[in-house]
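Dear colleague,

My notes on its strands, helices and loops follow.

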Amino acid sequence: MLDFAAIDFETANAERSSVCSVGVVIVRGGKIVDSFYSLIKPTPNYYHYFCSQVHGLCKRDTDNAPIFPEVWQQIEPLIEGLPLVAHNKSFDENCLKAVFRTYQMDYPDYEFRCTLLAARRRWRGMHNNLDAVAARCGINFQNHHHALADAEACALIALQIL
């Protein structure tokens with residue numbers, strides 16, 4: 001797979017619609033050609049302590065951020081015609097669907113592929129969280145749980161195992 005968009009969301013709380021940041025990495029011809037990152041004002045707009053501990057974001061970081069439809073207007077042309085790839089696609093795909101529902105946007109039924117499922121098939125019985133798979137693939141991965149760093153790691157993993 002040489003053309004795709006890797007995507008990663010972070011959420012403010014347990015609601016999948018509460019996306020508070022997004023990272024997207026565009027791959028064409030097997031090379032990273034573009035990337036996009038934005039904070040997002042989450043809906044609902046509150047943060048669970050645990051979520052903030054994971055990604056380091058809190059309400060004051062996103063109070064003045066754009067809402068999801070404004071951010072998606074920037075992402076949509078970048079990903080047009082590309083399959084989406086995520087590490088644990090069930091999380092990111094469910095976030096995307098939930099936030100589309102929240103804002104009553106028409107969901108275009110994006111094609112999703114999953115590097116986590118591919119890693120589980122390849123390395124049975126091993127830990128296959130994003131940082132472990134990145135290390136196994138020889139990827140210098142820092143800033144785990146920053147949406148853009150996670151999307152870039154996902155893209156580099158996808159180039160090796162999808």
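Strands β1 (residues 4-11) and β2 (residues 19-28) pair in the antiparallel sense over 8 bridges; F4 stands opposite V27 in β2. Pairing here requires that DSSP find at least two bridges between two strands, and the elements are DSSP runs numbered from the N terminus, helices being H or I of at least four residues and strands E of at least two. The model is a predicted one, in which local features need pLDDT of at least 70 and side-chain atom pairs count only at pLDDT 80 or more, while totals for chains, interfaces and linings use all residues. Residues are numbered from 1 along each chain as its sequence is written, and side-chain values use heavy atoms, with hydrogens and water left out.

The open sheet has 5 strands in the order β3-β2-β1-β4-β5, with mixed pairing. Its edge strands, each pairing on one side only, are β3 (31-39) and β5 (112-114). From one strand to the next the twist averages 25°; angles run from 0 to 180 degrees between N-to-C directions, and axes are lines fitted to C-alpha atoms, for helices over the stretch in contact.

Helix α4 (residues 89-102) packs on this sheet and touches β1, β2, β4 (84-86) and β5, contact meaning heavy atoms within 4.5 Å. The direction of α4 makes about 75° with that of β1. Helix α5 (residues 115-122) lies across β4 and β5 and runs at about 35° to β5.

Helix α5 also packs with α7, at an angle of about 45° and with the axes 10 Å apart. The two helices are therefore oblique to each other, given that angles under 35 degrees count as roughly parallel, over 145 as roughly antiparallel, 65 to 115 as roughly perpendicular and the rest as oblique. The contact is made by T115, A118, A119 and R122 of α5 together with C154, I157, A158, Q160 and I161 of α7.

A cis peptide bond, with omega about 0°, joins T43 and P44; P44 lies in the loop between β3 and α1 (49-55). In the loop between α6 (130-136) and α7 (147-161) is N143, which has a positive phi of about 70° although it is not a glycine. H145, placed in the loop between α6 and α7, is likewise not a glycine and has a positive phi of about 80°. N143 is exposed, with a relative accessible area of 51%, whereas H145 is partly exposed at 27%; buried means under 20%, exposed over 50% and partly exposed in between, using a 1.4 Å probe and protein chains only.

With kind regards
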